[in-house]
Structures are given as structure tokens and as C-alpha cells.
Amino acid sequence: MAAGVGGKRPNQEGGANGAGTDGLFFRKWLSGRMELGGCRVAFEKDGVYLHTSAKRHPDQDSLIPGVIRIIEKGSDTLLQWTPIEESSDAAQITYTKKDPVGCQTEEEIFDPGYEPDWAVISTVGTRARTQEETNVASGPKSPVPRGQWAFSLSLSELKSIRKSKPGLGWSYLIFITKDGISIQALHFHRGGTKALLKALCKYVILATSPKDSRLYLVYTHDSYALSHSFDELQLFDDSSSNLVSRFLQDPYAATFGGFSKVTNFFRGALHHEDGVIQHSHGDPAAANVEDETGFEVITCQARLGERPSVQREAPVSEQEWEQHLDPDGRVRDPVALRRRIFAGGLNMSSRKEAWKCLLGYYSWDNTSEENKAQVRRKTDEYFRMKLQWKSVSEEQEQRNSLLRGYRSLIERDVSRTDRNNKFYEGSENPGLVLLNDVLMTYCMYNFDLGYVQGMSDLLSPILYVTQNEVDAFWCFCGFMELVHRNFEESQESMKRQLSQLNLLLRVLDPPLCDFLDSKESGTFCFCFRWILIWFKREFAFSEILQLWEVLWTGLPCPNFHLLVACGILDAERQALMNSGFGFNEILKHINELTMKMSVEDILCRAEAIYRQLAATPDLPRNVQELLGLSEGKSPTPSTDTASSPQPLSPSQAQEMELTDSVSPSQPDSSIEILPTEEASTSQSLSP
């Protein structure tokens, strides 16, 4: 199984297999048209999995694929889930490195024109079946163990339906009977929960529980008399059977909306004004509650003010940097300097020293002499760790599969990291050697995490700026303190950050969120690479230097990188919503933004969004905490983990709230790299 969805670990493979689409297309075409033995299939959706393992990351054997159907059988309607034999009959969305070798499927969705790591792709292929499977398929079918998981349930026995939190992995539904039995959660690997719920609304009434927004209460359409009474009064539109549903979900809107029609009815009866159109019962043009004049439903939503205009300042020059230092080399006012860096960034000549402070290698309060002493200590510590892996013989390495795997993965990634940059081009480039050595030493520094694909992308700009092996290593360690949870195998931090991005955008732009939800993109999976390596492959190399130093200031909030993502989506809003994009087109469009955006524009948008939200008086509490705006609570970066979904009964469920300049001495000149001809030249990123 791949190491999370961000990269690969040693001895693990990325990628995903699926099944061909011919059978899927035929079944979808047949859905709603199949009539066998007095039964009619009114709805069918495949790619619906039952997870039999309680583990957070179940293995493939514990994922049972199946098909969920709504079947009309005489006067009864059944909800049925049955497992299928072809466990490979599932197209999966995979975050993986595209393999340059091997055959390409005919269903490959797009080619971004380069070889990006973690390109979000949808792979569709056919898994080779084993001989045992072939024999089973060719012979008479006998009962299989997984058949015990199948269920068929009359809708009249259904009490409630629980849905998953948005943005946390695959969407799932839990069906709860009137006997209080919770059926095992069904995970929709290809989406389709909304389509199923919409189909169910033809047979039952689904009302959101007033105590839990993720719980739908199920009611039958037996309230004919009530609906018929309203039909006779023509208080509502022709779909008056929806009255009970609307009333249960929003009693105020439905009731006062109806009463507004009573007022209009009597007004029309007493004053036969010309031009007044009377809608007869069953008229499809009948006005609904939302269209009725004189009545407005006010929802509890943050009222955002006007977004301010933001202009970037000039970068901090080397001369300005020195003006912030006292005679001993100590930074006079670290807070003011960080604000200045946030507003304008740094020019190339001041980055070498400033980055050491921003990444915690130097302390903002240290004098020049204290920083020199720090360098001597850290140099000794670095080379002791480097010696640990350098002294391992080939014979020893043959018995250390972990170290061998790290070395192989690092060598492969280093050979293709930023090779279009002059600093790393050429096969005998010393920069590549140092890139390799620093990453190998980091494996000794952090045994638990080791090396994961993507780390070379984070180290490359740091080594380019510092041009020193030891300085680059410790600055890289400081950076990894901020983002190391992005590379953990559980990927819980990545899931949480994508969920928080969803939360922010839902406050900023609900229509855009609704659009993405309708295209099965509400999990924001297309933003995964942005968050994983902090937009490294989205902007030109020189612009990444500016973006990262702004983010390293920690201003105006620790999660400003999420607002940067909001800024990109805000800039692409019209392109996404007005082009009729579907799921695949959204993925393609986002990947094609690489190297086409201006970091200045995105930073201005992100800061403007922050100011707009900060000025909103009724901002939701969880958004305030995320942006560090709530009083008495210090915000922290998005690194918390979320627990796996567990089936809950209605009584158990409650929605959880989404919720430091000087020129140090050089201990070893052999580890110095000569500066490039033009250090400040803009370099393109080689994906």
C-alpha cells in the first residue's frame, strides 16, 4: 500500500488499479429500466465499498466492493446492497508519481506536459485475475463468504441515515433501522451519496435532525390527508407532498411562506385586480417559497464586508536588513522585521542570513558571537550524524533494507529535482551531491519519519540560498518542524488541512463550494499537492523563495498557507464555474496552472481575504480559531489528527466542530559552493 497519498516510502508502490468502464457504462444505462420478476431497479450505483476492518487504513482484502440499488417491488420499495466478485471494479482517485515506464491505459485523462510528482490523476485499468479467480468465475457460482455482508431493507423500516463529515476521505452513509440496528457504513469510493439521497426522496421524506446536521430522519409519505388539504388551499406549489419534508427541515420558512400565500389569496379574492395571475393546482409555474415576495428566510451565515485592496511593498534589501541590527549583531525589533518581511519579502542578498532566523537556526535575540558559537556546535553535530550512514559498509547495508530503501529513493529523487535550475544542472554538479547528503543525514536525524518523496523539493531552494551544507541542513530541519506531519503515513494532517480549506472557502464563497460539491470535488483533492509541499511546483523557482519567506514569518496567522490556497481558488473562480467543468476537467485545469500564476497577485488576494474575514463580526468560532482571531486561545498550525469514522446511533451523534544577523565563520570551506553568476536570476522549476 502506498505511503499515504503524498509520496512513496521505501519498498512501497504508488498507483491504483481499477476496472474497465464498458460494464459500468452499460449498468448505468440499464439503471431505471430493468424490470425482472415484477421488480424494477429505480437506482443503481457501483463503487460502493463496505470496510470490514476497523483499522484506520484497511488492507485491500478488507474492502468489499458492491452495488447499491433502490428496487421497486410491488407496493414496497427496497434498499439493497450486494457485493460483487470483481474487487478491481473500482476507479480510484490516486495521488501518485506517474510511472514513466509501463503501458498507459486508454482511459488516461490528461497529460499536463511534464512529469509532476503527486499529479492528481484518475487511473482506470483492469487488474489481472488470478487462476483461482478465473476458475471461480468460469464455474458455477457458489456462495462466497463476502455474501454474508449483503443486505436488503424495506424503506418503511428505515429510521434515519447518517452521512460523513465533508472533506474527510471517502463519503459514507450509515443506515439505521427502526429497531435501532446500525448497518455497517457504506463508503462511496466514486461519489454518489447525493444522488442516492436524491433518489430516496422520491419514496420517503428526509429531514435534517435539528440536533445533528449530519443525521437525516426518515418519514414515509403517509401524510396524504395533510398534503391534500394544502393542495385544496393551493398554499404551496404542485409538489405539495414535499410540504412535510420542507416543514420538518425548516418549519419557519415553510410555515410563513405558506401564510404569505394566504395573504396573497385573500388579497386577490377581495381585490380583483387586472393582471393578477391565479396559479391553478398542478400549474408548474406555481411560485415556491423562495420566490414569494414579502417573505425572506434569513440564514445564520457570516455577512462578509467588502474585501480591501492590498498592495505589496518593496523587498527588504541587505542595507535595510543591517539597519535592523544593533552593534552586537542582534535584531533590534524582531516583530517589526517579521512584519516587514511579510509585507515585501527579501531580496536575494539578504536571504542568506534572514532565512537562518526565520527557520530557527539562529535566534532573533542572539549576538553575532553567539551565532558563531551556534554554528560550531551544529557543524559538529551534523557531521557526527553524517558519519553514521557514511560509515555503513556495503555488506552492512545489504542487511539494512530501510537504509537501502532510503538511499535508493533519495538518489532517484535528487536526480530529477530542479534540474532546469543552473544551480543543479549537469550530471557532475556538486549541488546534487550535497542535496543527497543532506537528505541522507536527515534520515539519521529523524529516524521515525526518514525520507518521503517531496522532501527534496523542500530542501532544494534552501540549499540554493544558503549554499552551505550545514546551514542548509539545519534550516531544512526548521522547515520540516512546520510541515513534517504532511509526510506522515496516516495523512491525517493532510486530511484535516483540506477539511479546514473547505471550511474557509465555505465561509468565503458558498456558491463555489456548492459547485465543487456538485462535481464530486468537495474533498479538495486537487489542492493536495499545494498543501503537501507548500506550492513548490505551482510557482516559478524565484517566486517560491518569496512565498516561503512570507509564510515562515507566521503572519498574520499560522495557517496563512490555507488562505494562499483560497486566493488561488478565488482567482480561478470564473474559469472553474463558467466553463462547465466536471471532476476530471477540474483536476486538469488545476494541474495546468503550474508556472502560470503570479505570486504577488496571490499573496495580495490571500492578505485581502484575511483582512476581510478579520473584519467580520459574526465569523464562526471555528474559523476564528483557525485564523487566530479568537480571544484567549493561541492558534496552532493545522496538524491535529482526526479519528476514523465509526457507525453511530442517532442518540450518540453530535456534530463535532471543525473544529531571529550576521556573517558566521565557515568551519569547513570544503562544503562551500561557489555562488552562481547571477544569484538573483529567476530560475524555472523543473518538475
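Visitor: What share of the 687 residues in the protein chain is buried?
Guide: This is a predicted model, in which local features need pLDDT of at least 70, side-chain atom pairs count only at pLDDT 80 or more, and totals for chains, interfaces and linings use all residues. Residues are numbered from 1 along each chain as its sequence is written, and side-chain values use heavy atoms, with hydrogens and water left out. Buried means under 20% relative accessible area, exposed over 50% and partly exposed in between, with a 1.4 Å probe and protein chains only. On that basis the buried share of the 687 residues is 50%.

Visitor: Is R416 buried or partly exposed?
Guide: R416 sits in the loop between α12 (401-414) and α13. Its relative accessibility is 25%, so R416 counts as partly exposed.

Visitor: Which class, oblique or roughly parallel, describes α13 relative to α15?
Guide: The axes of α13 (residues 430-445) and α15 (residues 469-483) come within 10 Å and cross at roughly 50 degrees. Axes are lines fitted to C-alpha atoms, for helices over the stretch in contact, and angles run from 0 to 180 degrees between N-to-C directions. Angles under 35 degrees count as roughly parallel, over 145 as roughly antiparallel, 65 to 115 as roughly perpendicular and the rest as oblique. That angle therefore makes α13, relative to α15, oblique.

Visitor: How many residues of the contact of α13 with α15 are charged?
Guide: Contact means heavy atoms within 4.5 Å. The contact includes L434, D437 and Y442 of α13, and E469, F473 and W474 of α15. Asp, Glu, Lys and Arg count as charged, Ala, Val, Leu, Ile, Met, Phe, Trp, Tyr, Cys and Pro as nonpolar, and the others, Gly among them, as polar. The contact has 10 nonpolar residues, one polar, and the number charged is two.

Visitor: How many charged residues does the contact of α16 with α20 have?
Guide: The axes of α16 and α20 come within 10 Å and cross at roughly 55 degrees. Among the contact residues are Q497, Q500 and L501 of α16, and H561, L562 and L563 of α20. The classes come to nine nonpolar and three polar, and the charged residues number no charged residues.

Visitor: Which helices do the buried residues of α17 pack against?
Guide: In α17 (residues 510-518), the buried residues are L512, C513, F515, L516 and D517. They pack against α3 (193-200), α16 (492-508), α20 (560-571), α21 (573-577) and α22 (583-591).

Technical notes. Helix = DSSP H or I, 4+ residues; strand = E, 2+ residues; numbered from the N terminus.
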